[in-house]
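Biologist: Hey, could you walk me through this model? I'd like to know which parts to look at.

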Amino acid sequence: MKYLAPVCFLGLLLAACASKPAPESPVEALAGRAYFVTYVKPIFELQCLRCHQGANPPAGLSLVQRSGAFAPRKRDKAYIVPGDPEASLLYTAVTREGTHPLIMPRLDITLTDDDIGALHEWIEDGAYWPDNPDGFLQPRYNIENP
């Protein structure tokens, strides 16, 4: 009996060492809420939501909330493939050297190299998009490009 407590303790210790803690989600660890709110959300709200909202957005891509951007597609590339910007239609459509036939945006608005770089980094780092009020987008208009 006097060895029961140390043996139980040793057994618990070994069990704790053998089980690995759940790793952090790479989406949250690499491109979390702060990056989305600071860099990605303003790009979408200032540049993309002029067209990509409502009942029938172009190419069926609504950027009002996460579910529209990550909706499965029947054919072609996915709009956003977390971790792979070049496989993401959203990225290839806005990249000047992209493979998408219709470079976006088609209006007089242009994304800066910094905007495109932020989208690339965001997708590459996991494309974290909160499914809460931080992730719900509202169109905003730049005073220079109303």
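This is a predicted model: local features need pLDDT of at least 70, side-chain atom pairs count only at pLDDT 80 or more; totals for chains, interfaces and linings use all residues.

Biologist: Okay, where is confidence lowest, and where is it highest?

Modeller: Helix α2, residues 26-30, is lowest with a mean of 46. Helix α6, residues 113-124, is highest at 94.

Biologist: What about residues 6-29?

Modeller: The pLDDT is below 50 over that stretch. Beyond near neighbours in sequence, residues 6-29 have 9 contacts in the model.

Biologist: New topic. What is phi of alanine 59 near?

Modeller: Near 60 degrees, which is a positive value in a residue other than glycine. You'll find alanine 59 in the loop between α3 (33-48) and α4 (66-69).

Biologist: Is alanine 59 buried or exposed?

Modeller: Exposed, because its relative accessible area is 60% and the cut-off for exposed is over 50%.

Biologist: And alanine 127, what's its phi near?

Modeller: That one is near 55 degrees, again a positive value in a residue that isn't glycine. Alanine 127 sits in the segment after α6.

Biologist: Buried or exposed, that alanine 127?

Modeller: Buried, because its relative accessible area is 1% and buried means under 20%.

Biologist: Last one: where is serine 88?

Modeller: Serine 88 is in the loop between α4 and α5 (89-94). Serine 88 is buried too, with a relative accessible area of 0%.

Biologist: So what is serine 88 in contact with?

Modeller: Setting aside neighbours within four places in sequence, serine 88 contacts Ala78, Tyr79, Ile80, Val81 and Ile123.

How values were computed:
Residues are numbered from 1 along each chain as its sequence is written. Side-chain values use heavy atoms; hydrogens and water are left out. pLDDT is the predictor's confidence in each residue, from 0 to 100. Helices (H or I, at least four residues) and strands (E, at least two) are DSSP runs, numbered from the N terminus. Contact means heavy atoms within 4.5 Å. Buried means under 20% relative accessible area, exposed over 50%, partly exposed in between (1.4 Å probe, protein chains only).
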